[in-house]
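Please find below a colleague's note on this model. The points are numbered so that each can be checked on its own.

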Amino acid sequence: FERSKVYAEFCRRIFGKNLHQVSMADMVQLNKLLSVLKLGKDNKILDMGCGMGVISEYISDATNAHVTGLDFADKVIKRAQMRTKRKKDRLVFKIGNIKNPLFLKNSFDTIIAIDTLYFVKDLEKTVAKMKSLLTPLGQMGIFYSQAVKLDESPGLLKPKGTKLACVLTGLKLRFRTWNYTKSEMSHWKKRKRIALKLMSAFKSEGNLRICKELIKEAEYVLKFVDSRRISRYLYHVQLS
């Protein structure tokens with residue numbers, strides 16, 4: 001993904017800027033996140049599941065905040081460390097598992113999770129751990145999409161009905177939400193359309209497999225989109 005010029009073009013067309021995204025958050029959503037969190041040079045941020053760390057770098061560059069990116073993929077983290085070594089005074093990358101991030105309590109005032117909490121089996125345990133890492137007046141910014149099966153309640157699609165919302169409520173965490181469901185639906189339609197347009201370019205580059213995976217994922221999610229069984233929210237959690 002990092003070396004593919006065609007994937008870089010795919011990201012520019014889908015998200016508005018190439019940050020090597022593998023999430024669903026475009027630049028409108030990402031900049032809204034920064035606006036909500038009100039970050040500055042004094043903030044200490046943990047980016048949960050940072051991948052290649054380009055979004056972490058963007059956040060640090062845009063706010064001058066200290067950002068720690070966490071991901072289990074050691075080779076990816078090492079590449080991120082090399083790429084950003086001139087910024088190591090405010091940008092750090094660590095190898096670790098978001099299911100149980102190994103940091104001291106009160107290590108961060110802000111935790112960001114952009115479409116990464118789907119990969120933990122025990123969501124309550126992970127969010128409780130995230131809470132413990134925050135300072136007493138800390139905050140979380142979480143992008144979370146919810147899909148429901150045909151036999152599941154549509155109530156799970158509401159901002160207070162998602163699995164994440166239920167966990168936050170159970171942990172007595174206050175939160176606000178912003179609805180990006182329409183953007184989510186448009187995203188997957190556009191994702192498939194752009195991938196198909198770029199297929200020959202991916203093939204010429206020797207990365208046809210990337211294109212096929214993009215299309216396969218989009219076609220799966222579009223089953224939920226077409227029947228309106230999907231929702232997306234930005235959750236802003238504030239400790240008190």
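1. N43 has a relative accessibility of 16% and counts as buried, because the cut-off for buried is under 20%. The model is a predicted one. N43 sits in the loop that runs between α2 (27–37) and β1 (44–48).

2. A polar atom of the N43 side chain lies 2.7 Å from the backbone nitrogen of G40. With residues up to four places away in sequence not counted, N43 touches K38, A65, H66, D109 and T110.

3. Q146 belongs to strand β5, which covers residues 134–147. The relative accessible area of Q146 is 4%, so Q146 is buried.

4. The side chain of Q146 has a polar atom 3.0 Å from the backbone nitrogen of K163. K163 is also among the residues in contact with Q146 once neighbours within four places in sequence are left aside.

5. K32 is placed in helix α2. Not counting residues up to four places away in sequence, K32 touches W178, Y180 and L234. Between K32 and S145 there are 16 Å in space, C-alpha to C-alpha, and the two are 113 residues apart in sequence.

6. The next points concern helix packing. Two packed helices are described by the angle between their axes and by the distance between those axes. Helix α7 (residues 181–197) packs with helix α9 (residues 208–226) at an angle of about 150°, and their axes are 9 Å apart. α7 and α9 are therefore roughly antiparallel to each other. Their crossing is left-handed.

7. Which residues make the contact between α7 and α9? On the α7 side they are M185, W188, K189, R191, K192, A195 and L196. On the α9 side they are C211, L214, I215, E217, A218, E219, V221, L222, V225 and D226. By class, this contact of α7 with α9 has 11 nonpolar and six charged residues, with no polar ones.

8. Helix α7 also meets helix α1 (residues 5–15), where the axes come within 10 Å and cross at roughly 145°. The crossing of α1 and α7 is right-handed. From α1 the residues are F10, R13, I14 and F15, and from α7 they are H187, K190, R191, I194 and A195. The contact of α1 with α7 is made up, by class, of five nonpolar, one polar and three charged residues.

9. I194 lies in helix α7. Is I194 buried or exposed? The relative accessible area of I194 is 7%, so I194 is buried. I194 and D47 are 28 Å apart in space, C-alpha to C-alpha, and 147 residues apart in sequence.

Methods. Residues are numbered from 1 along each chain as its sequence is written. This is a predicted model: local features need pLDDT of at least 70, side-chain atom pairs count only at pLDDT 80 or more; totals for chains, interfaces and linings use all residues. Side-chain values use heavy atoms; hydrogens and water are left out. Helices (H or I, at least four residues) and strands (E, at least two) are DSSP runs, numbered from the N terminus. Buried means under 20% relative accessible area, exposed over 50%, partly exposed in between (1.4 Å probe, protein chains only). A polar contact is a pair of N or O atoms within 3.5 Å; within protein, one must be able to donate a hydrogen and the other to accept it, and residues adjacent in sequence count only if both atoms are side-chain atoms. Contact means heavy atoms within 4.5 Å. Axes are lines fitted to C-alpha atoms, for helices over the stretch in contact, and angles run from 0 to 180 degrees between N-to-C directions. Angles under 35 degrees count as roughly parallel, over 145 as roughly antiparallel, 65 to 115 as roughly perpendicular and the rest as oblique. A crossing is left-handed if the near helix is turned anticlockwise from the far one by less than a right angle, and right-handed if clockwise. Ala, Val, Leu, Ile, Met, Phe, Trp, Tyr, Cys and Pro count as nonpolar, Asp, Glu, Lys and Arg as charged, and the others, Gly among them, as polar.
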